[in-house]
Amino acid sequence: MDAEPALRVVGVDAFYGTSHVLHATTLDVPRGDVTAIVGPNGVGKTTLINAIMGLVPIAAGRIEAGDMDLSRLPATARRRHGLALVPQGRRVFRSLTVDEHLTLVPSGASGRFDRDWVFEVFPRLAERRSSLARNLSGGEQSMLAIGRALTANPRIVLMDEPTEGLAPLLVEVVRDVVERVRGAGVTVLLVEQNLGFALSVADRVAIMHRGAVDRVRERDAITDVEALSELVLGTTE
Ligand SMILES: Nc1ncnc2c1ncn2[C@@H]1O[C@H](COP(=O)(O)OP(=O)(O)O)[C@@H](O)[C@H]1O
Ligand SMILES: [Mg+2]
């Protein structure tokens with residue numbers, strides 16, 4: 001792990017109208033491994049991910065990638081800078097085919113994660129390559145959302161609950177994909193409701209409560225999963 005984080009969130013505030021959702025949120029995301037954000041529903045995990053991606057404006061604070069201040073850049077510029085998002089709820093393009101999703105890559109992006117790589121890790125998508133996304137099952141749409149983000153060959157991939165609603169076998173496939181992406185040196189920032197999954201893939205977990213990350217625990221330092229689970233749920237302080 002390099003000393004310099006891949007991504008830094010510093011004192012970020014965000015609002016929806018007058019509703020104050022992120023409160024001076026701070027998080028360092030080390031380069032080249034997997035950080036999981038965990039926490040109860042509604043604490044602001046998706047808002048934080050979307051703020052990093054430039055999809056939710058920030059009212060205070062900074063978001064930096066390396067020595068680049070992304071805070072005021074639009075999402076397109078953040079994508080060019082190497083960020084990619086697997087959004088919560090998949091959000092695939094209903095009227096595009098699987099093939100089209102996996103060849104949408106912005107010009108210039110090339111690398112190991114191309115359509116063939118996606119078909120290798122998700123063979124089911126190869127079988128459905130000519131299908132419109134609206135005709136895919138939920139699990140297939142999840143694979144497609146992950147594949148689409150990776151074909152941009154990001155340096156940092158943000159995954160917002162990629163295992164939500166997936167059958168256990170497919171959760172295992174997603175775990176394998178996250179491990180391969182990590183193995184390729186890509187930084188992964190993952191939001192997970194499933195603490196078991198988070199602990200099985202992440203190098204550390206960042207626990208969010210009330211609009212801010214209040215602790216970060218290195219995986220190797222976690223000995224008591226039950227105590228961690230209570231911390232995540234907010235039943236202990
Ligand atoms: N587009 C929106 N407009 C208004 N409020 C929102 C919007 N999106 C989320 N919220 C509210 O912001 C808070 C944080 O939501 P979110 O970031 O989705 O939480 P999480 O991902 O941790 O479940 C919740 O209270 C939610 O109701
Ligand atoms: Mg969410």
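Guide: Helices (H or I, at least four residues) and strands (E, at least two) are DSSP runs, numbered from the N terminus. This is a predicted model: local features need pLDDT of at least 70, side-chain atom pairs count only at pLDDT 80 or more, and totals for chains, interfaces and linings use all residues. Residues are numbered from 1 along each chain as its sequence is written, chains are lettered from A and ligands numbered from 1 in the order in which they are written, and side-chain values use heavy atoms, with hydrogens and water left out.

Visitor: Which residue follows helix 1, with a positive phi?
Guide: Helix 1 spans residues 45-53. Its phi is positive, near 90°, and the residue that follows the helix is Gly54.

Visitor: How many residues of helix 1 are buried?
Guide: Buried means under 20% relative accessible area, exposed over 50%, partly exposed in between (1.4 Å probe, protein chains only). The buried residues include Lys45, Thr47 and Leu48. Helix 1 is mostly covered, and the buried count is eight of nine.

Visitor: Which element gives the most to the shell around ligand 1?
Guide: A residue is near a molecule if one of its heavy atoms lies within 4 Å of it. Around ligand 1 are Tyr16, Val21, Pro40, Asn41, Gly42, Val43, Gly44, Lys45, Thr46 and Thr47. Three residues come from the top contributor, helix 1.

Visitor: How many residues of the ligand 1 shell are polar?
Guide: Ala, Val, Leu, Ile, Met, Phe, Trp, Tyr, Cys and Pro count as nonpolar, Asp, Glu, Lys and Arg as charged, and the others, Gly among them, as polar. The shell has four nonpolar residues and one charged residue; the polar ones number five.

Visitor: What share of ligand 1 does the protein bury?
Guide: Oxygen atoms of ligand 1 lie 2.9 Å from an N or O atom in the side chain of Thr46 and 2.5 Å from one in the side chain of Thr47. Taken alone, ligand 1 exposes 560 Å², and the buried share is 56%. These areas come from the Shrake-Rupley method with a 1.4 Å probe. So the value asked for is 56%.

Visitor: Which residues form the aromatic pair?
Guide: Rings of Phe, Tyr and Trp (its six-membered ring) pair if their centres lie within 6.5 Å; planes under 30 degrees apart count as stacked, over 60 as edge-to-face and the rest as tilted. A search of the whole structure finds one pair. It is edge-to-face, 4.6 Å centre to centre with 70° between the planes: Phe113 and Trp117.

Visitor: Is Arg210 buried or exposed?
Guide: Arg210 lies in the loop between strand 9 (204-209) and strand 10 (212-218). Its phi is positive, near 45°. With a relative accessible area of 63%, Arg210 is exposed.

Key:
A polar contact is a pair of N or O atoms within 3.5 Å; within protein, one must be able to donate a hydrogen and the other to accept it, and residues adjacent in sequence count only if both atoms are side-chain atoms.
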